[in-house]
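Keep the 3D view open as you read.

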Amino acid sequence: MSSIPKTEQSTSSQGFRKTGEQAISQTPLHPRRRSRRIMVGPVPVGGGAPISVQSMTNTVTADINATLQQIAELAAAGCDIVRVAVPSQDDADALPIIAKKSPIPVIADIHFQSKYVFQAIDAGCAAVRVNPGNIRKFDQVGPEICKAATDAGISLRIGVNAGSLDKDIYARYGGPTPEALVASALKEAHMFEDVGFHDFKISVKHHDPVTTVQTYRLLASKGDWPLHLGVTEAGPSWQGTIKSCLAFGALLAEGIGDTIRVSLSAPPVEEVKVGCKILEYLGLRQRHFDIISCPSCGRAQVDVIELAKEVTEGLKDITAPIRVAVMGCIVNGPGEAREADLGVASGNGKGQIIIKGKVVQTVPEDQIVPTLLERAKEIAAQMDAKAAAQGETLPEAGPMVVPVTGRAS
């Protein structure tokens with residue numbers, strides 16, 4: 001089993017964005033599951049390393065400019081690792097440039113054609129996602145893939161999806177049950193371990209969040225592999241977000257999971273936004289701008305829905321960990337606003353602007369949003385300046401590290 005280093009330097013001649021101190025990261029809710037550590041380029045996965053957020057481009061990989069543009073957008077949104085599809089020779093031929101110019105590590109997603117695996121390794125990809133179940137003659141080429149990955153110093157990802165479960169295992173278990181998915185994953189893991197290759201992570205995805213949780217719990221009990229969490233084919237944005245929050249929340253709260261991808265029928269950047277917020281709210285990533293706003297109700301004396309929407313849009317690019325409360329009545333408004341860095345308690349056609357518990361200004365209703373935005377940006381700038389004066393930086397993206405004594409459990 002790989003040792004768990006105390007620190008790792010995230011440096012690369014390719015100029016990868018750093019992901020922060022590679023110490024042990026813990027959730028406040030439960031000790032992290034002990035897993036072996038692998039590297040995806042400079043990003044550590046497993047062994048207590050900060051949980052990374054992944055996504056996948058939806059461009060044609062052979063369109064190098066479009067793919068690199070989307071990768072840049074994903075990186076700006078907080079993505080740590082990106083996967084690109086390689087279904088054709090043209091896509092494989094584009095990998096050297098993409099891997100070299102990408103600001104974050106690139107994983108090549110390979111199915112069916114083993115020759116693309118070797119091309120991806122030679123191209124300088126940080127990792128390769130292979131599916132032993134659909135790679136032709138994998139029992140013959142598998143050892144060669146492992147040797148090539150070892151020689152190049154890269155990791156692999158293997159995984160099982162409910163929709164592509166091995167036919168024999170499907171028949172034996174009567175469907176894609178947790179036991180069936182884990183049996184398939186163990187079969188694939190043993191293919192690698194039997195030839196002495198251990199630098200891989202595993203995913204066992206299902207579209208149902210309850211089955212997903214049951215499956216990862218079972219797999220986590222079987223070994224120390226790093227685990228990539230995902231609810232596959234989760235659906236449109238709102239539905240997939242709910243499914244992913246349920247599954248990831250349950251698993252991460254139990255310390256299970258080393259890297260995540262939120263799979264949505266939506267632009268990839270939306271996947272990253274959801275993934276980052278899941279980690280933020282679990283205390284596993286540096287918190288950025290956060291808004292507290294009350295639900296609409298008959299007590300509201302202002303259109304709090306529109307207020308919250310406008311404030312959120314106006315502050316979407318703020319990275320400082322500022323918390324803003326937008327409240328619509330006098331029942332909970334003043335109290336909630338006092339607990340935030342900045343807030344407004346609205347009513348009777350006006351709003352009381354509250355900073356750190358003190359009313360500093362009263363403005364007409366039509367001035368609430370511009371006043372909040374102005375004050376919020378001032379506070380955010382002060383936070384940035386204070387951090388800079390202390391020799392710190394508020395990260396634009398990347399996992400939050402919560403130092404703890406000792407090592408991952």
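## Salt bridges and surface features

At 47% relative accessibility, Glu313 is partly exposed, where buried means under 20% relative accessible area, exposed over 50%, and partly exposed in between (1.4 Å probe, protein chains only). Before going further, please note that this is a predicted model, in which local features need pLDDT of at least 70 and side-chain atom pairs count only at pLDDT 80 or more, while totals for chains, interfaces and linings use all residues. Residues are numbered from 1 along each chain as its sequence is written, and side-chain values use heavy atoms, with hydrogens and water left out.

Back to Glu313: its side chain meets that of Lys316 in a salt bridge (2.8 Å, N to O). The term salt bridge stands for a side-chain nitrogen of Lys or Arg within 4 Å of a carboxyl oxygen of Asp or Glu.

| Pair | N to O distance | Relative accessibility of each residue |
| Arg217 and Glu254 | 2.5 Å | Arg217 40%, Glu254 28% |
| Glu280 and Lys277 | 3.1 Å | Glu280 10%, Lys277 26% |

Take the pair of Arg217 and Glu254, whose closest N and O atoms are 2.5 Å apart. Arg217 lies in helix H7 (residues 209-220), and Glu254 sits in the loop between helix H8 (237-253) and strand S10 (259-261), so this bridge ties together parts that are 37 residues apart in sequence. Helices (H or I, at least four residues) and strands (E, at least two) are DSSP runs, numbered from the N terminus. Arg217 is partly exposed, and Glu254 is partly exposed too.

The pair of Glu280 and Lys277 has another setting. Both residues lie in helix H9 (residues 268-281), three residues apart, which is about one turn of the helix. Here Glu280 counts as buried, whereas Lys277 counts as partly exposed. Salt bridges can also join into a network, as they do for Arg32, Arg33 and Asp258.

### Patches on the surface

Which residues form a negative surface patch? They are Asp303, Glu310, Glu365 and Asp366. Patches are made of residues with over 30% relative accessible area and no salt bridge, with like charges joined within 9 Å and nonpolar side chains (Val, Leu, Ile, Met, Phe, Trp, Tyr) within 5 Å. Lys and Arg count as positive and Asp and Glu as negative, while His and the chain ends are not counted. The place of a charge is taken as NZ of Lys, CZ of Arg, CG of Asp or CD of Glu.

A nonpolar surface patch of about 370 Å² is made by Trp238, Ile242 and Leu246. Accessible areas come from the Shrake-Rupley method with a 1.4 Å probe, and for residues only the protein chains shown count as cover. Trp238 lies in helix H8 and is exposed, with a relative accessible area of 60%.

### Loops with positive phi

Glu233 has a phi near 45°, a positive value in a residue other than glycine. Glu233 is found in the loop between strand S9 (228-230) and H8, and its relative accessible area of 58% makes it exposed. Lys356, with a phi near 50°, is likewise a residue other than glycine with a positive value. Its place is the loop between strand S14 (350-355) and strand S15 (358-364), and Lys356 is exposed at 59%.

### Cysteines

How many disulfides does a search of the whole structure find? The search finds zero, a disulfide being a pair of cysteine sulfur atoms within 2.5 Å. Cys276 is in no disulfide, and the nearest cysteine sulfur, that of Cys79, is 7.8 Å away. Cys276 is buried, with a relative accessible area of 7%. Cys146 is buried as well, with a relative accessible area of 3%.
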